[in-house]
Amino acid sequence: MKFSTKAEKLQPDTAGALLYICEKACPCSENSDNETAALLCGSLEKGQTFAETKISEHGRLKAVAVVCLPDTGRETAAKAAAEAAAWAQKQESVNICLAPFNQEAAALVAEVFATAFGNAVYRFERYKKESQPARLAEAVFFSPEHGRAVKDALKTADALVYGMSLCKDLGNAAPNECTPEYLAETAKKQAEKLGATVKVFDKSYIKKHMGAFWSVAKGSKQKPYFIELSYFGAADKKAAPVVLVGKGITFDSGGISLKPGLNMDEMKYDMCGAAGVIGTFCAAVKLKLPVNLTALIPTCENMPSGHANKPGDIVKSMKGLTIEVLNTDAEGRLILCDALTYAEQLKPKAVIDVATLTGACIVALGHEVSGLMANNQELADSLLAASRESGDQAWQLPLFDSYKEQLKSNFADLPNIGSPGAGTITAGTFLSYFTENYPWAHLDIAGTAWKSGKEKGATGRPVPLLLHYLRQIK
């Protein structure tokens, strides 16, 4: 959908639906330019933030709504925006009044509401004979005093929605379409369209250099790929890049350690780490952020076959560490460890990997909060701040050396799973062996990358968290 701004007052006779947003402290029930909006605002009861009605205008019904915010914090605005978005998506166009706000508040409210509207109109119906797209095509924000700040905020919202929608599209695509080759082609096409640089390494490179990654990939007929996207937005093009690494298992059967059949279809979402990294990368490039950024995506399928890993197999990683494969369903860490080793040669400022890595993370944190682990507290604190400020929540879990005691093998340097207990942390601990020479953080999005049931679909997380983090880099 289209977002735009006008540096003028919203007039009651403007074509399209009208939405008036104000603060609780603002007496808009007395001073609003629109009598209907004033009446709606005055009718709100305690705890209510949204009201809407329809009025007759030139023989047609016109939708009018108000949002009265208790405060202008991002969390408050996001909650109200979600309610307003449910109404807005039923309109063809919406005109939003931001007149009551100062510059900072106007920009924040514009960004939050535009993002909510963009997410509300998202549909994934490419496989249906008949689709039902949302009606809303345009949102115009009226801000007579702060037009430039609102315009910049809308650019951010547009890029965020773009990145989240790309992430959702990749996650929601059927696994017979979204193969490793499709993921590589899509990443290449999207990145090059925005002016970024792309390298795609094929099976021969992976087989020769990335033994842990290859051990997972060789069980499938689908060819594996290793994708490297690069963008140099910093003033110093040779400055150390931030590196994002995304797990790209386009379908995870569990391999020889086969998963139960119930809900196995949702294992197409096991590439949502890759989808989130691609979406974040493209959003950052679209915004022309002043940062050097690299995205690394190892992608393959995890399938049972005569060529697949077997429990007890020992494989050699790119770093040179040998790994005893005790469970072939703990494959994500096998492809990530080689990508994390590859990242070291880029001399990174920081590396953040994103993966639907462990069901244990859902046990620990449910479906609202992503798990975070790090070997650098400054990096962890920056990501936690970004999670709070973006509303894309994360919670830090410990990464104590004592957890290494759970990763002992009689036959190799490491097993690919730990002893029972702390499954999310031991998975992070495994990855930490491959990230000792740079600041690193790990995001486990197993519980937050998609929803099940009636609302089944990719969420677009953690694009909001990662993009907010990148925007704060100086």
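What is the volume of the second largest pocket? About 580 Å³. This is a predicted model: local features need pLDDT of at least 70, side-chain atom pairs count only at pLDDT 80 or more, and totals for chains, interfaces and linings use all residues. Residues are numbered from 1 along each chain as its sequence is written, and side-chain values use heavy atoms, without hydrogens or water.

A pocket here is an open set of points on a 1 Å grid over the protein atoms alone, where a 1.4 Å probe fits, with protein on both sides within 12 Å along at least five of seven lines; lining residues have an atom within 4 Å of a point. Its volume is the space filled by probe spheres set on the points.

Helices α10 (332-344), α11 (359-365) and α13 (423-432) each supply at least two lining residues. α11 gives the most, with three. Helices are DSSP runs of H or I, at least four residues, and strands are runs of E, at least two. By class, the lining has 10 nonpolar, 12 polar and eight charged residues, with Gly counted as polar.

Now to helix α5. Of its 26 residues, 19 are buried (under 20% relative accessible area; exposed is over 50%, with a 1.4 Å probe and protein chains only).

Glu 130 sits in the loop between α4 (103-120) and β6 (138-142). Glu 130 is exposed, at 65% relative accessible area. Pro 439 is 309 residues from Glu 130 in sequence and 49 Å away in space, C-alpha to C-alpha.
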